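Thank you all for coming; I would like to take a few minutes to walk through one model with you.

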Amino acid sequence: PQMHNGSAWLRQLAAPEPPELFAAFTFYSGNCDNIVFPPRTGTLPGADNRHVPGTAHVHMVSVPCVFEEVRRSLGAVGVSPAAP
């Protein structure tokens with residue numbers, strides 16, 4: 001119940017976060033997600049939400065566009081990601 005959408009714990013966790021902060025996040029979600037359920041809850045209003053059709057949660061990193069975006073983002077903050 002703690003991680004259920006709208007739970008007291010999630011509301012408390014989100015309370016100090018200003019909505020302007022959400023624009024800094026990119027979310028990838030798939031309609032076959034086997035971790036985040038229901039899949040529509042894997043988005044954040046105001047964030048860059050990107051749908052990857054037919055992709056499960058654990059397979060997101062094997063999708064080339066997702067992997068390359070993560071690599072690019074890590075490089076932008078000065079982290080040297082390992083080559084695949």
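This is a predicted model: local features need pLDDT of at least 70, side-chain atom pairs count only at pLDDT 80 or more; totals for chains, interfaces and linings use all residues.

Residues are numbered from 1 along each chain as its sequence is written, and side-chain values use heavy atoms, with hydrogens and water left out.

The protein chain has 2 helices and 2 strands, which follow one another from the N terminus in the order α-β-β-α; helices (H or I, at least four residues) and strands (E, at least two) are DSSP runs, numbered from the N terminus. The C-alpha trace spans about 40 × 30 × 20 Å along its principal axes. Of the 84 residues, 19% count as buried, where buried means under 20% relative accessible area, exposed over 50%, and partly exposed in between, with a 1.4 Å probe and protein chains only. Taking contact to mean heavy atoms within 4.5 Å, residues 24 or more positions apart account for 23% of the contacts with a separation of 6 or more.

Which residues make up the largest nonpolar core? There are 5 residues in all, namely Y28, V52, M60, V63 and V66, a nonpolar core being a set of buried Ala, Val, Leu, Ile, Met, Phe, Trp, Tyr and Cys residues joined through side-chain atoms within 4.5 Å. V52 lies in the loop between β2 (48–51) and α2 (64–76), and it counts as buried because its relative accessibility is 8%. Leaving aside residues up to four places away in sequence, V52 touches Y28, S29, G30, N31, M60, V63 and V66, and on the same terms M60 touches Y28, S29, G30, V52, T55 and V66. V52 and V66 are 14 residues apart in sequence, with their C-alpha atoms 8.7 Å apart in space.

Now to the charged side chains. A search of the whole structure finds 4 salt bridges, each defined as a side-chain nitrogen of Lys or Arg within 4 Å of a carboxyl oxygen of Asp or Glu. D48, R50, E69 and R72 are linked in a network of such bridges. D48 pairs with R50, the closest N and O atoms being 2.6 Å apart; D48 is partly exposed at 31% relative accessible area, and R50 is partly exposed at 29%. R50 also meets E69, at 4.0 Å from N to O, and this pair links distant parts of the chain, with R50 in strand β2 and E69 in helix α2, 19 residues apart. E69 is buried, with a relative accessible area of 15%. E69 meets R72 as well, at 2.7 Å from N to O, and because these two are 3 residues apart in helix α2, they are separated by about one helical turn.

Let me finish at the surface. The accessible surface of the chain comes to about 6,200 Å², of which 63% belongs to carbon and sulfur atoms; accessible areas come from the Shrake-Rupley method with a 1.4 Å probe, and for residues only the protein chains shown count as cover. M3, W9 and L13 form a nonpolar patch with about 320 Å² of accessible area together. Patches are made of residues with over 30% relative accessible area and no salt bridge, like charges being joined within 9 Å and nonpolar side chains (Val, Leu, Ile, Met, Phe, Trp, Tyr) within 5 Å. L13 belongs to helix α1 (residues 8–14), and it is partly exposed, with a relative accessible area of 47%.
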